[in-house]
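Hello,

Here is the structure you were waiting for. Have a look at it first, and my notes follow below.

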Amino acid sequence: MAKKRPQTKAKRPQLDGEIPVVGAREPCPCGSGRRYKACHGRAAAQAVTELVQRPFEGLPGECDWVALRELVPAATVELTLKDGLPEGVPSVTLATVLPMAWPALRRDDGSVLLGLQNDTASGDISRDLADTLRRALTAEPGTPVQARRAPADGPRLQDVLAPEGAFEPVVHDGFEFWVPDAQNATPEVSASLERANAAAIPTVKLAGVDAAYWCETPEKNHLRWVMPHEEERLLDALARLHAAGRSSLGEGTRLVGSFRAHGLTVPVWDLPSGVTAQDVEKPAAEFAERLAEALAAEAPLTAEERRARGGLTNRQVTLS
């Protein structure tokens, strides 16, 4: 039998400067003779698909970004760009949802709407949104921006948005903000608007605490509160309050569990149907004070507190 030829690992040719993006099955531009996906495309693919656990970390209002991405049906926020608005773009507005689930829209007047609740092509929502925003800024007025996979080395929202200033969501009853003139909207947009309004759950942002959102459902109301604290420390604090009977927001209310979303924890309370957003403003502010005390506690959890923590942990639901 002929001897097998020793296997040698060929050295991958190097590329000087920026690597052009080509199709996965096309020859790699480095000249290796291999397909792009098997050569320089490997690192790019890994970077694009790697999940970023806290995509909004470092942005003003991280907790509200998470709430608008996962919990709030209809809301908008005016965004401030780090380099200012380009000529011909009077404003940039983040919106929870856009008609026909467009990733972004350049309106006839040149203003830009950026959709937040769209599916993204990579594991980094921040990079995908920044790519969509940059393309919307140069799109023709009156046209939507389609989805695509963002370049692995492209900027993130943290690179594009101004780091200073408040992030102030405006919660809407419906999606009429989509169209300045609803009477002249296309049939497709009108139908999309009607469907979206029918599905929207009434939601109100509390004024006295950060990133807490009351919502109304047919059976009962809820308060969903996105918190910035490290998860294990927050669960310990909630367990201390729960075991002491101090975790409610008033008579008939109950801390029932929490969501996990984009690296943050979202405690959820059930509220009686008659309890409005205004009714929970004061109890929520008082709870925030109790929570701050519990977060500062250093003593190990008691047996009762550990049982309370186990119950809260068992009632966690991961949204992302």
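**Aromatic pairs and cysteines**

Searching the whole structure turns up seven aromatic pairs; here rings of Phe, Tyr and Trp (its six-membered ring) pair if their centres lie within 6.5 Å, with planes under 30 degrees apart called stacked, over 60 edge-to-face and the rest tilted. One of them is the stacked pair of Phe56 and Trp65, at 5.3 Å centre to centre and 20 degrees between the planes. Phe56 has 1% relative accessibility and so counts as buried (under 20% relative accessible area; exposed is over 50%, partly exposed in between, with a 1.4 Å probe and protein chains only). Trp65 is buried too, at 1%.

The pair of Trp225 and Trp269 is tilted, because the ring centres are 5.9 Å apart and the planes stand at 45 degrees. Trp225 belongs to strand 9 (residues 221-225) and Trp269 to strand 11 (residues 264-271), so this pair ties together parts 44 residues apart in sequence; strands are DSSP runs of E, at least two residues, numbered from the N terminus. Both Trp225 and Trp269 are buried.

Ring pairs also join Phe167 with Phe56 and Trp65 in a cluster.

Now the cysteines. With a disulfide taken as a pair of cysteine sulfur atoms within 2.5 Å, the count is zero. Cys63 is buried at 12% relative accessibility, and Cys215 is buried at 1%.

Please keep in mind that this is a predicted model: local features need pLDDT of at least 70, side-chain atom pairs count only at pLDDT 80 or more, and totals for chains, interfaces and linings use all residues. Residues are numbered from 1 along each chain as its sequence is written, and side-chain values use heavy atoms, leaving out hydrogens and water.

Best wishes

Note on methods. Helix = DSSP H or I, 4+ residues; strand = E, 2+ residues; numbered from the N terminus.
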